[in-house]
Amino acid sequence: MKLIIGLGNPGNEYARTRHNFGWIMLDHIANAVGATWVHKPKFTADIAEYTINGEKVILAKPTTYYNLSGEATRKIKDFYHIENNDIVTIHDEIALPIGSLRTRRGGSDAGNNGIKSLIAHIGPDFARVRIGSGQVAGNNGDARPTDHRDHVLSRPAASEIELLAKLEPQVQHIVSDFIGGTFFETTYSA
């Protein structure tokens, strides 16, 4: 059994924001495999399930809000007895330019509160697909602003949405490989 967690925030005010890139990618995967989303209050998450090559796959969008994603993930992990090496999370990454992604297994939270919550609840040794949400300059000209909140909760421009859409097949391929037992650390740009 594999668990694919997409980080995001519930509610229309957050739909299609940069912080919901994980949810956007999971929606693409669910649509491609014909899986239907169902809200599961006991998990505090929306769940879509499917089976491929005899392997059950659970797609999960925690509805606890981005920064508390670890709570819902822990409930699902415990209920299904899923090991961390069978969990991959898909989330936005402000340190990567829009239209790029990077994969890795384990590591620190790198300042991402959703990943910090996951690490606190399940440990650091899960796989990650980091989707670039675009670097922006700070007030002092730094490549990284001091307050990321406005940026990650903003909606990308049309040209950025096109770049994000070009990543969807690559993310689906990474998830398919993960389900099949292969996970490579890689960097990709659309």
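This is a predicted model: local features need pLDDT of at least 70, side-chain atom pairs count only at pLDDT 80 or more; totals for chains, interfaces and linings use all residues.

Trainee: Why is T89 called buried?

Mentor: Its relative accessible area is 1%. Buried means under 20%. So T89 is buried. T89 sits in strand β5.

Trainee: What makes the pair of I5 and T89 a polar contact?

Mentor: The backbone oxygen of I5 lies 3.3 Å from a polar atom of the T89 side chain.

Trainee: How do you know that the reach of α5 is close to the expected one?

Mentor: Helix α5 has 22 residues, 158-179. From first C-alpha to last, α5 reaches 32 Å, and 32 Å is expected at 1.5 Å a residue. Still, α5 has a kink of about 30° at E168, shortly before the proline P169.

Trainee: What follows α5?

Mentor: G181, with a positive phi near 100°.

Trainee: Which residues have the most contacts inside the largest nonpolar core?

Mentor: I4, I29, L59, I90, V129, I131 and V171, in a core of 27 residues. Helix α5 gives the largest share, seven residues. A second, separate core has 17 residues, including L3, I5, I76 and F126.

Trainee: What does I29 contact, leaving aside neighbours within four places in sequence?

Mentor: Y50, L59, I90, V171, Q172 and V175. Contact means heavy atoms within 4.5 Å, so each of these residues comes within that cut-off of I29.

Terms used:
Residues are numbered from 1 along each chain as its sequence is written. Side-chain values use heavy atoms; hydrogens and water are left out. Helices (H or I, at least four residues) and strands (E, at least two) are DSSP runs, numbered from the N terminus. The expected span of a helix is 1.5 Å times one less than its number of residues. The bend at a residue is the angle between axes fitted to the seven residues ending there and the seven starting there. A nonpolar core is a set of buried Ala, Val, Leu, Ile, Met, Phe, Trp, Tyr and Cys residues joined through side-chain atoms within 4.5 Å. Buried means under 20% relative accessible area, exposed over 50%, partly exposed in between (1.4 Å probe, protein chains only). A polar contact is a pair of N or O atoms within 3.5 Å; within protein, one must be able to donate a hydrogen and the other to accept it, and residues adjacent in sequence count only if both atoms are side-chain atoms.
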